Amino acid sequence: MYFIDTSFDSLTKHGEELCGDHVEQARLRDSCILVLSDGLGSGVKANILATLTSKIAVTMLKEGSTLEETIDTVVHTLPVCNERHLAYSTFTIIKIYNDGRGYAAEFDNPFIFLIRNGENVPIERQKRILNGKTIYECSFTMDKDTLLVAVSDGVVHAGVGRSLDLGWQWENVDEYIKSIDTSFSALDITGNVLEQCRRLYEDEAGDDTTVLSVKIKEQETINLFTGPPKNPAKDYDVIKEILNAEGKIVVCGGTTANIVARSLGAELDVDVSTMTQELPPIGKIPGIELVTEGVITINKALDIMREYIDPGKNAAALKKLQDKNSASMLAAIIIERCERLNLWIGQAVNPAHQNPQYPMDFHFKMQQLEEFASVARQMGKEVNIVYI
Amino acid sequence: MTDIQVCIGSVCHLKGSYDIINKLNKLITENGLNDKYKVKATFCLGNCTGAVCVKLGEEIYTVLPETADEFFLKNVKGSAE
């Protein structure tokens, strides 16, 4: 199974406040759906057309509607432009499955770029006419070295009449994308291509310009160890079992971290630079992927994970994953890198936590971890809980 | 060089470790003691009922953001002179 790494951003046409391109994204258990739409004209009218198109399409496809039903609904919903007597917006629909299979339906946007190790992946497009619109459908497979980029026509027109007579044509964009370092994340690629557009437009985009990038990353097993085992006499045996388990290890909890460090005969260092008013800093133990405080950090990471599965907040959550604090780092490991999650939950009760002044008692901790498992399952992770 | 270890476990964090670390760092700099003391964060010191725990030498003190100045004057600055 793979993590689908997506990123999109736009330049707004010079002089306009609203962008006439819009991207919507939905995360499903088995896949990710993205719709890039470019509304007719620019400004508020275009913005409404593009937003409606992408929102309707994502919502319907997510719920299992067919492409025919979706396009029919879009065509009959869009308001007709008074000047042009047209209701029109383009779209590129992309669906990527967790196993790397991909599908695209393209209508009037520049064709998608599909690149593997600096070479174009051949795409066979099937032409279909739906509601009088010519739509090109294709299927393909992505692996960790494949990059998919979709753009609005503002990209292939970049620099028209300024730095380039004919604009930055599809072939030129293709060459440019092929030259980008294959290790870049989706975020870096989107930023890189958009920056090139901005330069060609000399900071005054002649059209709304949107770049959407998709990459996939391999995932692994994560062992999350939180809370000391119920029977202290067995600490060492339990830790040995966890250390020998397949996959990477994350330790959440101060006391738990101390026990792990002691068992390994290692120092537990604290990286104070990651400390914020809200969140305690991370710790470092050689061989352990991430070491954090327990209940506060898990609570904050859980907030980010909940946002991530909410289509309206997904983009904001993806930005938070980049932050260098304990909760963002924990959420990023679960969301991006984890395929199977083994939750090793220690049942020891910290007497100091059973204090009326301290709102996070043992039951709160247990509930929180059940919720953590449930959200991870909603993301399509295989979750296994071991009480120790 | 002496370490002043401030616990950042759950209870201590909620009771103000972040502010105490910043306050102690500021006081140490203001008093020109940077070559004598270093403030470090540490995971649970095991004395959660006495949060926020601050360990200086072998002793664990209970310090709150409001009492950080007092702790500094009595146990850090006082002993440095």
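The C-alpha centres of domain 1 and domain 2 of chain A lie 37 Å apart. The model is predicted. Domain 1 of chain A covers residues 2-217, and domain 2 of chain A covers 220-387. Chain B touches chain A through 13 residues of its own and 21 of chain A.

**Between the domains of chain A**

- On the domain 1 side of chain A, 8 residues are in contact with domain 2; on the domain 2 side, 6 residues take part.
- Strand 2 of chain A gives the largest share of the domain 1 side, with 3 residues.
- By class, that domain 1 side holds 4 charged, 2 polar and 2 nonpolar residues.

**A six-stranded sheet in chain A**

- Chain A has an open sheet of 6 strands, in the order 2-3-4-5-9-8. The pairing is antiparallel.
- Strand 2 (21-27) and strand 8 (126-130) of chain A are the edge strands. Each has a single partner strand, so one side of each has no neighbour in the sheet.
- From one strand to the next, the twist averages 15 degrees.
- Helix 1 of chain A, residues 43-62, packs on this sheet. Helix 1 touches strand 2, strand 3 (31-39) and strand 4 (89-97) of chain A. The direction of helix 1 makes about 155 degrees with that of strand 3 of chain A.

**A:Met379 in chain A**

- A:Met379 sits in the loop between helix 11 (362-378) and strand 18 (382-387) of chain A.
- A:Met379 has 19 other C-beta atoms within 10 Å. A buried residue needs 20 or more, so A:Met379 counts as partly exposed.
- Beyond its neighbours within four places in sequence, A:Met379 is in contact with A:Ile309 and A:Ile335.
- A:Ile177 lies 202 residues from A:Met379 in sequence. Their C-alpha atoms are 30 Å apart in space.

**The side of chain B that touches chain A**

- Chain B gives 13 residues to the contact, and chain A gives 21.
- Helix 1 (10-14) and strand 2 (37-42) of chain B are the elements that give two or more residues to the chain B side.
- The chain B side has 7 nonpolar, 5 polar and 1 charged residues.

**Helix 2 of chain B**

- Helix 2 of chain B spans residues 17-30, with 14 residues.
- From first C-alpha to last, helix 2 of chain B reaches 20 Å, close to the 20 Å expected at 1.5 Å a residue.
- Its buried residues are B:Ser17, B:Tyr18, B:Ile20, B:Ile21, B:Lys23, B:Leu24 and B:Ile28.

**A hairpin in chain B**

- Strand 3 (residues 53-56) and strand 4 (residues 59-62) of chain B pair in the antiparallel sense over 4 bridges.
- B:Cys53 has B:Thr62 as its bridge partner in strand 4 of chain B.
- The two strands form a hairpin with 2 residues between them. In the turn, B:Gly57 has a positive phi of about 65 degrees.

Technical notes: Residues are numbered from 1 along each chain as its sequence is written. Chains are lettered from A and ligands numbered from 1 in the order in which they are written. This is a predicted model: local features need pLDDT of at least 70, side-chain atom pairs count only at pLDDT 80 or more; totals for chains, interfaces and linings use all residues. Two strands pair if DSSP finds at least two bridges between them. Axes are lines fitted to C-alpha atoms, for helices over the stretch in contact, and angles run from 0 to 180 degrees between N-to-C directions. Two residues are in contact if their C-beta atoms, placed from the backbone, lie within 7 Å. The expected span of a helix is 1.5 Å times one less than its number of residues. A residue is buried if 20 or more other C-beta atoms lie within 10 Å of its own, exposed if 12 or fewer, and partly exposed in between; C-beta atoms are placed from the backbone. Ala, Val, Leu, Ile, Met, Phe, Trp, Tyr, Cys and Pro count as nonpolar, Asp, Glu, Lys and Arg as charged, and the others, Gly among them, as polar. Domain bounds come from an automatic or database domain assignment.
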